[in-house]
Every structure is written in structure tokens, then in C-alpha cells.
Amino acid sequence: MLKSKQVSLLVSDVHLCEERPAQVDRFIGVLEGPAREADSVFILGDLFEYWVGDDDCSASLPQRVMASLKVLSDSGCKTYFTCGNRDFLIGKAFADQAGLICLDDPCLIDIQGTPTILMHGDLLCTDDSAYLAFRQQVRHPQWQAQFLAQPLALRHQMARGATVESGKAKQTKSEEIMDVTETAVAAVFQKFKVNRLIHGHTHRPGHHQHLVDAQLRDRWVLPDWYGPGGYIRVTPNHIEEILFSA
Ligand code: MN
């Protein structure tokens, strides 16, 4: 049996859409390049700018992404996915066709020997109560069933409208409420009782340390791909953030 490659890649907030073909190419480049050296890849949400339902998979962008992910998982790389606030409607049909293993948000998983909490990150932004109320509404199965029952064209229109609204809302919200709160971060570390958390969503890549119950804990934030993008690479002895240059 081949020895495992002992490399994991983590990525989030790629925000794939037809309007940004360079990002699409760069993401496919990661799947066909660095990801082939990894034994696991974790996609932590907002892979797509928006997602209106798995019945929309036939468009060229999802087809291309799905095919590339499937080649990767067929090659033996375990590919994991948790959805974000943009693509929370990604379901089993897309995951199956792309060969993705779905994870809960948050979840605890061993990454190259280190127990690690994975999240999209929106749940950590607890100062943004308006968003959290919206999140609770749209994650409800009944809301989702009603939305998915709408004609595809209408769903696209609604999603594009929501994207514009969320952009406007972000401009008026203060920098602080768009970031994680210390309280939420501490609560997650206390719940899972481990020392490493990796998430995206805030578009503030970096490495932070938090003292929780007299224990120093590491929080790594993934970059978004509205800019050049990047990912986190984990081996048994090392973790590093790889940021592309423009
Ligand atoms: Mn997000």
C-alpha cells in the first residue's frame, strides 16, 4: 500500500462565479496542482458566490468545478466540504457528483495528527445579530423547501439581489461586528477542548493566539479569493498560510 502523503490543504471563500474567470482558473489550478500532493482537502464554505439549488448543476461553472473535484477525489484524495453563508443550499446531489464528504459546522477532525475544529466562520461573528437571525431563518428546512420550489430564474434573481444587499449591509456595518468575537472563539475552544481552530468567512487571513482556560490556542483564518486568494497547508509538523500574489 502507498504511504499516505501526509499533507492537507484547506481553502474557503473562493466565491466562484462566471464574472471572475481568473479565480475559477486559479482554483482549478489548485485542484490540479498542489491538491494532488495532498491526501485531504477541506473546503470550508463559500466555494461559490451563491448557490440556488443542486438542480442548477448543469451550468458550465458548476460542471467544471464538480468534474475537477471528482477527478481529485477519484485519485484517492479525501475531499471534505462544509457550506458557507453563500452556498448553504449545496446539498447531497452536488456533493455526491463532486465526490465530497460533507462536514458539520462546527466539526472536530484530526488533521495530520492535530485535532482541529473546522468552521466556515460566520457563527463566530456573534456581534452581528441581524445576520445570525437571517442565518437561522434560511437554514430552516421549511424555508429551504419553499425557496427550492421557486422557478430557477426567480431563485437566481433573488440570490443576486441578496448578494447585492449583503454587500451594501457590509459597507454600513462596522469593522468590529464583521469579525469574530473573543467570547464565541473561547466558547468553541471550550466546547471541543482542543487547541486549533481553522475557519474562513471574515476575509482577514492570519494566525491568532487566544488564551482560553490558561491554555494558548491557535486560530487560523483562511484568505478570501476576491483578491489573489490562497490556502492553508498542514503537515504533521507544520502549518502555513500560502497567499498568492496578485
Ligand atoms: Mn462567508
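Which residues coordinate the manganese ion? Asp-46 (OD), Asn-85 (OD1), His-120 (NE2) and His-201 (ND1) do, at 2.1 to 2.3 Å. Keep in mind that this is a predicted model, where local features need pLDDT of at least 70 and side-chain atom pairs count only at pLDDT 80 or more, while totals for chains, interfaces and linings use all residues. Residues are numbered from 1 along each chain as its sequence is written, and side-chain values use heavy atoms, with hydrogens and water left out.

**Metal site**

- A donor here is an N, O or S atom within 2.8 Å of the metal (3.2 Å for Na, K and Ca), and sites may look incomplete since water is not among the atoms.
- Along the chain, the donors of the manganese ion are spaced as D-x38-N-x34-H-x80-H.
- Asp-46 counts as buried at 1% relative accessibility, and Asn-85 counts as buried at 15%.
- For the labels, buried is under 20% relative accessible area, exposed is over 50%, and partly exposed is in between (1.4 Å probe, protein chains only).

**Aromatic pairs**

- Rings of Phe, Tyr and Trp (its six-membered ring) pair if their centres lie within 6.5 Å; planes under 30 degrees apart are stacked, over 60 edge-to-face, and the rest tilted.
- That rule gives 10 aromatic pairs.
- One of them is Trp-143 with Phe-147, which is stacked because the ring centres are 5.2 Å apart and the planes sit at 5°.
- Trp-143 and Phe-147 are four residues apart in helix H5 (residues 141-148), so about one helical turn separates them.
- Trp-143 is partly exposed at 24% relative accessibility, whereas Phe-147 is buried at 9%.
- Trp-225 and Phe-244 make an edge-to-face pair, with centres 5.6 Å apart and planes at 85°.
- Trp-225 lies in the loop between strand S9 (215-221) and strand S10 (230-235), and Phe-244 in the segment after strand S11 (238-243), so this pair ties together parts 19 residues apart in sequence.
- Trp-225 is buried, with a relative accessible area of 0%, and Phe-244 is partly exposed at 25%.
- Ring pairs also link Trp-225 and Phe-244 with Phe-27 and Tyr-231 into a cluster.

**Nonpolar cores**

- A nonpolar core is a set of buried Ala, Val, Leu, Ile, Met, Phe, Trp, Tyr and Cys residues joined through side-chain atoms within 4.5 Å.
- The largest nonpolar core has 39 residues, and Leu-16, Phe-27, Ile-43, Leu-47, Phe-48, Leu-69 and Phe-94 touch the most other members.
- Strand S1 (8-11), helix H1 (21-32), S2, H2 and H3 each give two or more residues to this core.
- Leaving aside neighbours within four places in sequence, Leu-16 is in contact (heavy atoms within 4.5 Å) with Gln-23, Val-24, Phe-27, Leu-47, Phe-48, Glu-49, Leu-61 and Val-65.

**Salt bridges**

- A salt bridge is a side-chain nitrogen of Lys or Arg within 4 Å of a carboxyl oxygen of Asp or Glu, and the whole structure has nine.
- Arg-155 pairs with Asp-55 in a salt bridge, and their closest N and O atoms are 2.7 Å apart.
- Arg-155 is in helix H6 (residues 152-172) and Asp-55 in the loop between S2 and H2, so this bridge ties together parts 100 residues apart in sequence.
- Arg-155 is buried at 3% relative accessible area, while Asp-55 is partly exposed at 48%.
- Arg-135 and Asp-105 also form a salt bridge (3.9 Å, N to O).
- That pair links distant parts of the chain, 30 residues apart, with Arg-135 in helix H4 (residues 129-138) and Asp-105 in the loop between strand S4 (100-102) and strand S5 (107-111).
- Arg-135 is buried at 12% relative accessible area, and Asp-105 is buried at 17%.
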